[in-house]
Amino acid sequence: VTQASSSAAFELHKAQLLRAIHELPHRLSSVFERRPMLAAVLICTCKSGAADLVTQVVIERNDKIDERRSLVFLSFGGFYQGFFQYLLWNVVFERVWPGASLRANLSKLAATNLISDPVFFFPTFYILKEALTGSCNDPWMTVATALGRYRQNCVTDWMAGWMVWVPGHYVTYFLLPVHLRVPWVAVASFAYICILSYLRGRDEETR
């Protein structure tokens, strides 16, 4: 009897666990739909910070964590990738190209890769990195230095980005509802942020 009761209890817990796993995507989607911007900011902040840590510890095998570098990625993840991209993709783009027609989605895909990333994404990253890790106290000089470095690296940065995000943003705009766009990109971009951290996270003189 005891063995039979234990077996029944095990099967019950197993069924409850499987049901919880099965319902998890729906529950997460519901949370993202209720608080889409908050979810975007939190997920992107954690993702960017974790990707940089993985790069420093696992890929570069650094003996010590560069805290200022980690701050760059945490700030960039929360402010730009979470907050700004949510407004750009889910508010601005939806007003300029409303709906999910082929033309609208292709326009959003092209605008993200040809305008959003070259004009907003990379300049924001370089300026934020220079502001948090550089030694200059002059804001204008900080911006000028950051944009100068971006100009030197822009073609490589664009090509690396397009290799990931032309197909990646096909999923973003053609397959997903609006409230899941930024969470999807946050998950999909983990490897890309590792690449960005490796290529651009370290000081220029250490490369």
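Which residue meets Arg69 in a salt bridge at 3.0 Å, N to O? The partner is Glu60, joined to Arg69 through the side chains; a salt bridge here is a side-chain nitrogen of Lys or Arg within 4 Å of a carboxyl oxygen of Asp or Glu. The model is predicted, so local features need pLDDT of at least 70 and side-chain atom pairs count only at pLDDT 80 or more, while totals for chains, interfaces and linings use all residues. Residues are numbered from 1 along each chain as its sequence is written, and side-chain values use heavy atoms, with hydrogens and water left out.

The protein chain has seven helices and zero strands, where helices (H or I, at least four residues) and strands (E, at least two) are DSSP runs numbered from the N terminus. Of its 207 residues, 37% are buried; buried means under 20% relative accessible area, exposed over 50%, and partly exposed in between (1.4 Å probe, protein chains only).

Five salt bridges are found in the structure. In one of them, the side chains of Asp52 and Arg69 come together at 2.8 Å, N to O. Asp52 belongs to helix α2 and Arg69 to helix α3, so this pair ties together parts 17 residues apart in sequence. Asp52 is buried, at 0% relative accessibility, and Arg69 is buried as well, at 3%. Glu60 is also buried. Another bridge links the side chains of Glu94 and Lys108 at 2.7 Å, N to O. With Glu94 in helix α3 and Lys108 in helix α4 (residues 102-133), the pair ties together parts 14 residues apart in sequence. Both Glu94 and Lys108 are buried. Shared partners join Asp52, Glu60 and Arg69 into one salt-bridge network.

Helix α3 (residues 67-96) deserves a look of its own. A bend of about 35° occurs at Gln85, taken as the angle between axes fitted to the seven residues ending there and the seven starting there. Gln81, also found in helix α3, is buried at 4% relative accessibility. Beyond its neighbours within four places in sequence, Gln81 is in contact with residues including Cys44, Phe121, Val182 and Ile193, contact meaning heavy atoms within 4.5 Å.

Tyr198 sits in helix α7 (residues 190-201) and is partly exposed, at 37% relative accessible area.
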